[in-house]
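Hi everyone, thanks for making time.

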Amino acid sequence: KVIIAGLNPPEILFNAIKNYNHIELITSPDSNNMNELIREAQLHILHTKQPTGLKLKLLNVLFKGRFVICNSNMTVGTGIKENDSLIVANEPLEFIKMINFFIGKDFSQFNFTERKNLVFHFNNFNNCRQLIDIIND
């Protein structure tokens, strides 16, 4: 099943999926529901047209989710690099190829460790600890 979840989806999306029984659109889920969807999803597909700064939705799925496919605009200026669980795709056929690759793959301990290292510098607790160490030196 494909689940699309987001805040105030456009009418064009409703019309595009209405004839597909395997696609469910969840409109404006509350934060608890969205967090559950993120944790349960095998794969997150993120796309943005604006290459401006770090996207909170990307950070959210990197901290809570499994595999991620996003376009290059999503990672511009973030320092976030591709790895075994995060792939950058910019063309529709690239997205399809990577969806097929990730759909049955296990999110391994290696992927978990790699992800933890990837988001380490975005962790508020770690950043506070570093600030305290700097102040105490």
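In which helix is E114 found? E114 sits in helix α5, residues 109-119. A quick word on where this comes from: the model is predicted, so local features need pLDDT of at least 70 and side-chain atom pairs count only at pLDDT 80 or more, while totals for chains, interfaces and linings use all residues. Residues are numbered from 1 along each chain as its sequence is written, and side-chain values use heavy atoms, with hydrogens and water left out.

Back to our glutamate: is E114 buried or exposed? E114 has a relative accessible area of 19%, and it counts as buried because that word means under 20% relative accessible area, with exposed being over 50% and partly exposed in between, using a 1.4 Å probe and protein chains only. Leaving aside residues up to four places away in sequence, E114 touches N83, D84 and S85, where contact means heavy atoms within 4.5 Å. N83 is 31 residues from E114 in sequence, yet the two are 7.8 Å apart in space, C-alpha to C-alpha.

Now the sheet. Three strands make an open sheet, ordered β3-β4-β5, with parallel pairing. Strands here are DSSP E runs of at least two residues, and helices are H or I runs of at least four, numbered from the N terminus; two strands pair if DSSP finds at least two bridges between them. At the edges are β3 (43-46) and β5 (86-88), each pairing on one side only. On average, neighbouring strands in this sheet are turned by 15° against each other, direction ignored. Four bridges link β3 to β4, residues 67-70, and H44 stands opposite V68 in β4.

Helix α4, residues 92-102, lies across β3, β4 and β5 and runs at about 175° to β4. For that angle, axes are lines fitted to C-alpha atoms, for helices over the stretch in contact, and values run from 0 to 180 degrees between N-to-C directions.

Finally, the whole chain. It has six helices and five strands, running β-α-β-α-β-α-β-β-α-α-α from the N terminus. Its C-alpha atoms fill a box of roughly 65 × 30 × 25 Å along the principal axes. Of the 137 residues, 32% are buried. Among contacts with a separation of 6 or more, 49% come from residues 24 or more positions apart.
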